[in-house]
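Subject: Structure handover

Hello,

Please find the structure below. My notes on what turned up in it follow.

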Amino acid sequence: MTITFIAHSTPEPAFYGALAAILAELRALPLCHLPVSFDNKRYINSHQYISPLGQQITSGLLWLERLTGRGAGAELELESLINRAVKEDIVVPLNQPLSSPCYQSLLKTVVENGIEIESLQVVKNQDRYQLEDCESGKVRSNGWTRDRFGRWVLGAVTQPVMRAGKHLRIGLLGDVNEHRDSYPAMLAALGDAADALALNIEIIYITPNLVGSQLDSTLFDLDGLILPGLAAHGSEHANAGNSCQLSVAKWALDNQTPVLGINSGMHMMVAALGQKTLGDDAIAMPGPSTLSALQSSLPLEHGLVRQGNHKVVFQSGSKMAQMMGREAQLRYNQRWRLSPQLLDTLSAAGLEVTGTDETGLSAESIELKDHPFFVGVQANPELQSRRERPHPLLMAFLQQVRQSNRVRDVSHDALTKSVRLKHPCFLMG
């Protein structure tokens, strides 16, 4: 039996395992992976890919599931890897060259067990990535590259999608490097949905350093907003990120802008509605309990953290039911739950719990009446998207963005009330 090691010496978690997944699919071989580490201060979301069975592993292993429909499975220790390789040929990604000192004991053990080794490395030639034999230097694959949504494609360009209509500007919370290099799932899923609908979309990244009039002027030009609920770097950045998400959710409320909240992004949407309804001091952000304020979110009890695919039941007549059907399997990485007390309080403001778990007790999706699209889900639908099968929730979101753009009021009255005329800098010639 043979282990084909594929080394991609790159610090970006989103690259890890990508070319290995492509080769595994081309050769119809299983992909197995060892524990790897990345700079978690620089790439805090480096291990946020959740497999269908609930393993939390390196974000780049998403590409295996997108290409083959198979989850990457759990990390294997050396003994388990050897036992697998004794029985069948396997492909194993590495984030350092096989010649690195950290892999010397691995090589020795593989050889002692009579397993053959094929050593390939990922090399970049202009904007293309290829597999090269480490011994002969021979190129062993065609050139692959990434499109503007971070998805891997063969060749320099893809088959063009015939797109219609004007460009729609989608605001995505987070830094461009975070979405392309650390956690690539959301960007790729948006590309899937846009391709299926033949839409021209432009992604505008909304970083936590945008505040005040700078944030307002950015939001003014956007047609839709996504709060992806990604972790931020450090407590100071986390606070800034929460504050930015809260401001964006409030903007969506005030301006009837379509907004989709994912995981903790949904929690921020509920907090925004709570603060607008009950006052800024009435709602506390996720954290230690307080006696003076309603919590927007509460931590799940020990042992109840949900990861992987789980069944959700949707309320008949809701947007979620129209998109997903009465029941659906959604992908979860859940550590918090919405406060039942706050949800009850905000029901008078039009907030509806439209999706629950099988017990009917846990709120899994929310919607707001009299808003074009104010939808939040506890799950991570982007992890279930494919090029050939975009996620229905993201497609419905983009469809509403297109519809809202078409009917947007651009009357003189609307323009005089816009944010552009609220700030003196916009009144200067």
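A contact here means heavy atoms within 4.5 Å. Among contacts in the protein chain between residues at least 6 apart in sequence, 68% join residues at least 24 apart. This is a predicted model, in which local features need pLDDT of at least 70 and side-chain atom pairs count only at pLDDT 80 or more, while totals for chains, interfaces and linings use all residues. Residues are numbered from 1 along each chain as its sequence is written, and side-chain values use heavy atoms, with hydrogens and water left out.

The protein chain has 13 helices and 21 strands; these are DSSP runs numbered from the N terminus, helices being H or I of at least four residues and strands E of at least two. Of its 429 residues, 52% count as buried. Buried means under 20% relative accessible area, exposed over 50%, and partly exposed in between, with a 1.4 Å probe and protein chains only.

The sheet

Nine strands make up an open sheet of mixed pairing, in the order β10-β9-β11-β12-β21-β20-β19-β16-β17. Two strands pair if DSSP finds at least two bridges between them. The edges are β10 (199-206) and β17 (327-334), each of which pairs on one side only. On average, neighbouring strands of this sheet are turned by 25 degrees against each other, direction ignored. Axes are lines fitted to C-alpha atoms, for helices over the stretch in contact, and angles run from 0 to 180 degrees between N-to-C directions.

Helix α9 (residues 264-278) lies across β11 (224-227), β12 (259-262), β19 (351-356), β20 (363-368) and β21 (374-377), and runs at about 125 degrees to β12.

Rings and charges

The whole structure contains five aromatic pairs. Rings of Phe, Tyr and Trp (its six-membered ring) pair if their centres lie within 6.5 Å; planes under 30 degrees apart count as stacked, over 60 as edge-to-face and the rest as tilted. In one of the pairs, Y129 and W152 have ring centres 5.3 Å apart and planes at 75 degrees, so it is edge-to-face. Y129 lies in β6 (residues 128-133) and W152 in β8 (residues 152-154), so the pair ties together parts 23 residues apart in sequence. Both Y129 and W152 are buried. Ring pairs also link F15 with Y129 and W152 into a cluster.

The charged end of R146 sits over the ring of F15, 4.9 Å from its centre. Likewise, that of R306 sits over the ring of Y332, 4.2 Å from its centre. The criterion is NZ of Lys or CZ of Arg within 6 Å of the ring centre and within 35 degrees of the ring normal.

Cysteines and backbone

There are zero disulfides, a disulfide being a pair of cysteine sulfur atoms within 2.5 Å. C134 is partly exposed at 38% relative accessibility, whereas C244 is buried at 3%.

A28, not a glycine, has a positive phi near 55 degrees. A28 is in the loop between α1 (18-27) and β2 (49-50) and is exposed at 66%. Q256, also not a glycine, has a positive phi of about 55 degrees. Q256 is in the loop between α8 (234-255) and β12 and is partly exposed at 36%.

Regards
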